[in-house]
Amino acid sequence: MRGAALTLSILMLALAAPAGAAENRCGWYMNPTPGNWYLTDRDGNWWMRSQGGMEAEGFEDHAPAFDTKEYVKLQPNGYGYGCACLSVDTDKAEQNITRIYSGKILPLARCRGDKALKKPD
C-alpha cells in the first residue's frame, strides 16, 4: 500500500512539472508599432505579441513596464524600445515567446554594450 501511494505521488509530481525549464532571454525589448512586441537577442527576434495575431501567455501580467529614463521613443506616439531580461518559454521553430513568467528592465547601456546585439532600428 505504501509503495503504491509513493508511486502515485511521484507520477502526479511528474505530470504537474513543466515540460522544460524557462529560458532567460535578454536583449532589446521592442514595441515598433501598435500591438506588436518582440525581444531581439543574439538568436534573433522573439515575438511576444502581434496585432491581430498571437500573444504570449502572461504578456499582460509579467511583461516589464518601462520608465522614460530607460526607453527610447522612435515616434512621438511612444513606440520604441528598451533593454530587458525575460524568463520565458519559447517555440524555437516559430521563434515566438509562448509564455512570460517574469521580466526585468535593464539599463539601456547593458544592451548597447552587448556586442552580440544589433543596434535597434
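Predicted model: local features only at pLDDT ≥ 70, side-chain atom pairs only at ≥ 80, totals over all residues.

Student: Why does L106 count as buried?

Tutor: A residue is called buried when its relative accessible area is under 20%. L106 counts as buried because its relative accessibility is 12%.

Student: How far apart in space are L106 and Y71, C-alpha to C-alpha?

Tutor: Along the sequence, L106 and Y71 are separated by 35 residues. In space, going from C-alpha to C-alpha, the separation between L106 and Y71 is 10.0 Å.

Student: Which side chain of opposite charge is nearest to D89?

Tutor: D89 lies in strand β5, which covers residues 80-91, and D89 is buried yet has no salt bridge. A salt bridge needs a side-chain nitrogen within 4 Å of a carboxyl oxygen. The nearest side chain of opposite charge is 4.9 Å away from D89, and it belongs to R99.

Student: With which side chain does the side chain of D89 make a polar contact of 2.6 Å?

Tutor: Although D89 has no salt bridge, its side chain does take part in a polar contact. That contact, at 2.6 Å, joins D89 to the side chain of Y101.

Student: Which strands each supply at least two residues of the lining of the largest pocket?

Tutor: The largest pocket holds about 160 Å³ of space, and its lining includes W28, M30, Y38 and T40. The lining residues divide into four nonpolar, two polar and three charged. The strands that each supply at least two of the lining residues are β1 (23-33) and β2 (36-41).

Methods: Residues numbered from 1 in each chain as written. Heavy atoms only, no water. 1 Å grid on protein atoms, 1.4 Å probe; cavity = no way out; pocket = protein on both sides within 12 Å on 5 of 7 lines; lining within 4 Å. Points joined across faces, edges and corners; volume = space filled by probe spheres on them. Helix = DSSP H or I, 4+ residues; strand = E, 2+ residues; numbered from the N terminus. Nonpolar A, V, L, I, M, F, W, Y, C, P; charged D, E, K, R; others polar. Buried < 20%, exposed > 50% of the residue type's maximum accessible area, 1.4 Å probe, protein only. Lys, Arg positive; Asp, Glu negative; His and termini not counted. Polar contact = N/O pair within 3.5 Å; in protein donor to acceptor, adjacent residues only side chain to side chain.
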